[in-house]
Amino acid sequence: MNEQDRRRRPQGKPHRRPKKDPVRMLAFEVLRAVDERDAYANLVLPPLLRKARQKGDFDGRDAALATELVYGTLRRQGTYDAVIAACVDRPLREVDPPVLDVLSLGVHQLLGTRIPSHAAVSASVELARVVLGDGRAKFVNAVLRKVAQHDLDGWLERVAPPYDEDPEEHLAVVHSHPRWVVSALWDSLGGGRAGVEELLAADNERPEVTLVARPGRATAEEIRDALDDEAALPGRWSPYAVRLSEGGEPGAIDAVREGRAGVQDEGSQLVALALANAPLEGPDQKWLDGCAGPGGKAALLAGLAAERGAVLLAAEKQPHRAGLVARALAGNPGPYQVIAADGLRPPWRPGSFDRVLMDVPCTGLGALRRRPEARWRRRPDDLDDFAPLQRGLLRTALESVRVGGVVAYVTCSPHLAETRAVVDDALKQNDGSAELLDARPQLAGVPALGDGPDVQLWPHLHGTDAMYLALIRRTG
């Protein structure tokens, strides 16, 4: 063998640099931000997608895959943790979080998508080589090969306890919700197994993007006419809603860029409309949004108020969120005011308003479709933290409305401790000076609203976030 041949002959296995897959790298980056910084995927992902498109790294299919990997992994995290735990030889808490993120992305590709098993494993191991190194990539490879031996149904039979033995834990593992959340949602919904399973399944589905046409600035018909007929559908219940059936980027729509429309769940629109339509005794000139940030409901109310010659005051405690409210209301056709003010220590006089919206801070258990990571961050103790604030804000609302005026108490949570318990306490404390109105007639055409007088919307019944609404009239 001559010298040239020796130089050509490989000396052991040649080293290969791992290939960076921009789609999976981006998905991993989002998961790390969610884990390390308590970020929300719906805030982190869009700017990263825009940057990738601008650089030419992504096309529409890449963006769709990255979105599916991020949200699918976060929604099914509880289920995937149970599967991974069955495939590793140590407690899951001892697996490094970055490794667990790569494994979770791989498990979602194996059990939650149509990506072929060999491609899912190969792509995940390659990602592990890039972000974790060769040593831990071997661990990822070994675990994912075990996962690939069964489909999702097969794994659920192995890792979920039988329903008859432990119904709540069975549903928690199968539908990927913390056990305490399953219990709370079941209590709020009432009924048997079928209803709660439908609700939990709906929490794991990708929600439609819904726009609101802001009164006086745009109409739903105008927005639909400007878009493809198949891509823009009328709202189910709100006359101001436009549903983007194919998803897409709302920021690319002219009306949204110009502030004439915004992104707003139809449930949020309905509770604002219910307040605006509630019957009053006496004048209808001054409206208040007492917890207005980030401004979606305030913008809708401001437009409706302007059509009637009324004025909206939008108050928000956090100055930066008050800035978001001001931006949402900019261009409103009628007068309005935005202030940074604490709803527990309001600067206005008691009895100043005819209509008051108090959309209180809450656990957000009604929006788990949109913020799936919230289900893993919230704890039962959070209810105790929110309770004094919610009761205090409702008390302020009832003090701020005049006799004969109406308050809408709203939460994006169906938990009974944040809904009926708060309202019941307020009515007892007011000792006959406030009465609960039947809110159902103000949501005309919306089915399955229960026995009233308050209203609970549900993802599986109404296609909305699980918004709660109570309308209360001050009587003395």
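Is serine 176 buried or exposed? In this predicted model, serine 176 is buried, with a relative accessible area of 0%. Serine 176 sits in the loop that links α10 (167-175) to α11 (179-189), and its phi is near 60°, a positive value in a residue other than glycine. Aspartate 431 also has a positive phi, near 50°, and belongs to the loop between α20 and β10. Aspartate 431, however, is exposed, because its relative accessible area of 67% is over 50%. As a reminder, most residues other than glycine have a negative phi, and most peptide bonds are trans.

Cis peptide bonds come next. One joins glycine 293 and proline 294, with omega about 0°; proline 294 lies in the loop between β5 (286-289) and α16 (296-307). Another runs from glycine 452 to proline 453, with omega near 0°, and proline 453 is found in the loop between β10 (434-437) and β11 (455-456).

The unreviewed UniProt entry annotates Cys412 as "active site". Cysteine 412 is in the loop between β9 (401-411) and α20 (420-430) and is buried, with a relative accessible area of 16%. Beyond neighbours within four places in sequence, the contacts of cysteine 412 include Cys362, Gly364, Asp465 and Met467.

Turning to helix packing, α2 (residues 22-37) and α6 (residues 97-112) pack at an angle of about 130°, with their axes 10 Å apart. The two helices are therefore oblique to each other, and α2 passes α6 in a right-handed crossing. Among the residues making this contact are Phe28 and Leu31 of α2 and Val102 and Leu105 of α6. By class, the contact has seven nonpolar, one polar and four charged residues.

Note on methods
Residues are numbered from 1 along each chain as its sequence is written. This is a predicted model: local features need pLDDT of at least 70, side-chain atom pairs count only at pLDDT 80 or more; totals for chains, interfaces and linings use all residues. Side-chain values use heavy atoms; hydrogens and water are left out. UniProt positions are given in the numbering used here, feature names are shortened, and annotations may be inferred rather than shown by experiment. Helices (H or I, at least four residues) and strands (E, at least two) are DSSP runs, numbered from the N terminus. Buried means under 20% relative accessible area, exposed over 50%, partly exposed in between (1.4 Å probe, protein chains only). Contact means heavy atoms within 4.5 Å. Axes are lines fitted to C-alpha atoms, for helices over the stretch in contact, and angles run from 0 to 180 degrees between N-to-C directions. Angles under 35 degrees count as roughly parallel, over 145 as roughly antiparallel, 65 to 115 as roughly perpendicular and the rest as oblique. A crossing is left-handed if the near helix is turned anticlockwise from the far one by less than a right angle, and right-handed if clockwise. Ala, Val, Leu, Ile, Met, Phe, Trp, Tyr, Cys and Pro count as nonpolar, Asp, Glu, Lys and Arg as charged, and the others, Gly among them, as polar.
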